[in-house]
Each structure stands twice: as structure tokens, then as C-alpha cells.
Amino acid sequence: MYDLILKGGRIYDGSGMPSFIGDVAISDGRIEEIGRIKASADRVLDIDGLAVAPGIVDFHTHFDAQLWWDGLASTSHEHGVTTVVTGNCGLTLAPCKPEGRDALIGTFVRVEAMPRETLKAGIPWEWTTHGEYLRALERKPLGLNVATLIGHCAVRQYVMSEAAVEREADDAEIAEMEELVRQGMAAGAFGFSTNSNQTHYREDGKPVASRFSSLKEIARLCRVVGESQRGLVQFTHGAFATPEHVALISQWYDTILQETRRPLIGESVRHRWGEPDLWRKQLNDVEERSRQGYAAYAMTSTRRSMRRWTLKDGNRLNIIPAWKKILLLPNEERAQKLRDPSVRQELAQATVEGEPIEFSRRWDLIIVRKAARAENQHHEGKSVEALARERGKSEIDAFLDLALEEDLATTFEDSTTQGDERAVKEIFSNPHVLLGQSDAGAHVASGNPGFGFATLMLAYWVRERKLMSLEDAIKKLTFLPASIFGIHDRGLLRRGMAADMFVFDPNTIDQGRPEQVNDLPEGAPRYIQHAKGIHYTIVNGSVLMKNGAHTGIFPGKVLRSC
Ligand SMILES: [Zn+2]
């Protein structure tokens, strides 16, 4: 007699092996059996026609604060996520002395764009050490499992107070920091995170504390992780760094890998039009380190950043001088010029030729997002290239004729990142690249929140664009991150593993549209995102979510690396 049986689903077990149809039996929070199961159970869920996969592991979140007022880590809990990792990018709320709290809040406010009043009201500060933070979190009702990293900024602030954002540490201070990392690892943290992003400042305008670290400090702190023989190092350094900074970071990566012999999650690899070949170089670097015998990893985002614009506000194409000249003219004159065949010829050429810029220079990637007139609504969703083909015109003519028909009020859309699908395919399928980088819990005012990174992956990149198989995508969202972080009893559907899983319809799973709500402590606004096509989410053997609704229980656990 089992607690729960899932009957007749298609099992994507997280290993990347071909899926198969079978039953899953669960007792005491663990998977007991997979296959054709004749035994009975207290509860049987008929999932015929649906898929079942290990729960999503969101390995790059900033839920450190949100979990204190929202144990569901909403709305990640709606997207099949069963484990979140907090403490990324050098930012944690522990260890922390009472006098250091404001400094840590100020770091989250600026780097992760969270409202100060929310953090002030929402964080209970029932801890000093990382171990106490974990124990306090254990007293909270949690919907999902939580694994933590130790943040460099918190460690530095603890030891150096305000000097943490002014200078390098001396030997005695580094020794004290080592002890804090040692304690955190002994308490069960899954590693250490640091941040040298040159655009990351505190609320008071000072660079975040970890940016003052010497290579020696980093090496010594990371060595502590190595000595524990558990966990990993996560290193944030940001895009568009100077060549000197990139060279420096490369040296730091090598040092960390040599000192720890643990996995390192470094580069954020994304295709960007402004640096269209950078992703290739980044992948080469990570592959080279792997050839040298190191567990080097990069991460990528499944989200594309898109921009919407019209030729009335014109800002987008102003990046090209030939367009700027025209788009800054008064409305009447602008429209007149845009009708002029010789001007059009010049614009057509300037659009597709020239230096790499933060723009694709491709008509097939400029989309008609919203028509201003009802009779043009059937063009919505088409690329300018498709529109041109349909109307039997050149792209520039199709583009400008439509815009002029609508008094330049047509809304177009184009991508700034992850817009080149050939590049995205190589990035996503590279075995050293983790899929996620959701930043969930942070950037609360962003209209493109990260909660749905996995549902987006399964809906858009797998189902619609067919960039990889569902088996491979599931593996990259579950087994791969769980293994790299050392969460060894999760991320796979196998006998003996923790029973974290979600049941979904591969034909309908999707992320919902971002919506603004005012549900943060003190009523501050944030964007949330619902999910579609997920029937059940099971955490530690208990049904957390049924058809998009929380069942009211909190089966999540604080995970420990030891
Ligand atoms: Zn981050």
C-alpha cells in the first residue's frame, strides 16, 4: 500500500533517456517504484495522456527575502518548480550582525531592484550566522525546497563593517571570513557566491562589498568550499565588461577552479546583437576549462528581451544614423520623407548593413506586434519579411507602407537578446550550460519576470521552435542543476529519490502574461506570472498544486548539503 500512485503518465525521468509510459508510486516522500504498478495506494491520480517529470530546480533565484513572507516563492510554485537556490550573486541575508542589516538591505534594493520598505517590513532577522538563518527558515511553512549559497557581500560586511565597501581585506579579516564560510558550509549551504559586476552598486552608490575583494581573498574563501568537498562557487561578473576586466575574471575563474576542484558557475551566455560572436567565445572558454579537467559551467536565460516601438516614437531605429535623421523630423515632414523612394533606398541599405549594434539588422526578426487599425490586425505576429512576401513588395516598402497607412502608430517588436535562433540552439544544447538564470524574487518591477523560465522553455523553445527534445530540456531543468549543486536525491525520477515532480500537458504548458499586483509587504507592486498546462506539482510526495491552485499544504524543506 503506497501513499500515492500516479497512473499511466508519460515519464520523462530527468536523465535525458527516451520517455516511456508507466506509473510512479510514492511513500513517505520518496519514489518507491516506477513501471506497471499493481499495488494500491491511499490516493491514485490518473494522469493518462499527461507527462510527468522531476520538479524544476531553479538554481538562480533571489528569494532570500521573499520566503519570509511567502513560503510558496510565488509565482515560481505555479511553474513546476520544486526546489529554489537562493544566495546567488554574492547576496545573502546571512551571516549578518544587527548593525549590518541596513547595508545588506541596501545591496538588495539596488542590485536586485526590491523596494526598501518591503525588505524592512518583511525580513524578521531572527539570525546572525548562516546556520541560524537555515534553522529560522525551517520554522517557516515552505511550499518548495530551498537550498542556499553563502554570499560574499554578507560575509565581508560581517567582518569589515563599512570598510567592506572601501578597501581590500587584510590577512586577519580574510581568516575571519574563511571561518564564516566554513561555518556556513558545515551548516549545510551548497556553496559560495561572489559578484564582481562593475555595474553593481549599493543603494548609497557605493560598489557592492565583494567588488573590493582581492584575488587572494577570493582564492582563500573558495578554498574553504573545496575543503568541504561539497557544493560549488557561483560567480557573477556581468555583460559588456571592459577587456581588462574580462582578462582579470578569466584569471579568477582559473584560480577558483584550481583552488576548489568544485564546480564553478561563471559566465552568463546569451546571444546579443551588440556583440554577436561573444557567446561563441564564452562557450569556447568554458569548454577549454572542461578539457583541462575542471567542472566549469555557464548559465543562460530562456527569456528573450524584446523591445516594442512605433515609428512615431521612433526611438528604436534611432540607433541607425540614417533613420535618426528622418525620425527626428516633425510628423508631417517625417511621413513625407518616408514616402520618398530615394530615402527608402538609403534606409533599406542602412538597416541591414553596417557595424554590429544592439539591433538585429534582419527584417525576418522585426515583428508586427500590434496594428493600429482593425483591418490590419491579421498582420499581427508576422515578420516584416513575411509581410513583404505576402504583399509582393520589398521589405522596406512593406514596412513603411504599413506604418504610414496607420499614421506611424503600428507597434513593431524586435529582440535584443536570444534573438538569433541558431546561436540560441548552440547555447542551450551545450552540456556546460545551465538553463535558467531566472533571478526570480528580484527585479520585482520588471514586466518580464523570471518565474516562468521553465514553462517558457517547454512551450516556446521546445514545442514551438523545436530547439531540443522534451527529454533533453527536462534533463537540463532538473537533473543537471541538481547534480551540479550536489542535490543528489532530487532531479531524477528513480526509486529512492525524493518525490518532487510535476505533471503537465506538453501540448498546452506555457507561461502566462506578466501581471502587476500589489502584494508585497507594505503593499508595494510587483509583477507575477501564472502558468498554463500544469495539472499537479508534488513536493516531497505531497500534492502542492492541483490545476493551478495551491492545495494549502507546505511540504517544502530546507535542503542541506551535508
Ligand atoms: Zn542574480
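By donors I mean N, O and S atoms within 2.8 Å of the metal, or 3.2 Å for Na, K and Ca, and since water is not among the atoms, sites may look incomplete. What we have here is a predicted model, in which local features need pLDDT of at least 70 and side-chain atom pairs count only at pLDDT 80 or more, while totals for chains, interfaces and linings use all residues. Residues are numbered from 1 along each chain as its sequence is written, and side-chain values use heavy atoms, with hydrogens and water left out.

Let me start with the zinc ion, whose donor residues follow the spacing H-x1-H-x26-C-x349-D in sequence. The coordinating atoms are NE2 of His60, NE2 of His62, SG of Cys89 and OD of Asp439, at 2.1 to 2.6 Å. His60 and His62 are both buried, where buried means under 20% relative accessible area, exposed over 50%, and partly exposed in between, with a 1.4 Å probe and protein chains only.

Now to the backbone. Most residues other than glycine have a negative phi, and most peptide bonds are trans. In this model, however, a cis peptide bond joins Ser74 and Thr75, with omega about 5°, and another cis bond joins Ala94 and Pro95, with omega about 0°.

Which of them is buried, and which exposed? Trp125 is buried, at a relative accessible area of 12%, whereas Asp407 is exposed, at 51%.
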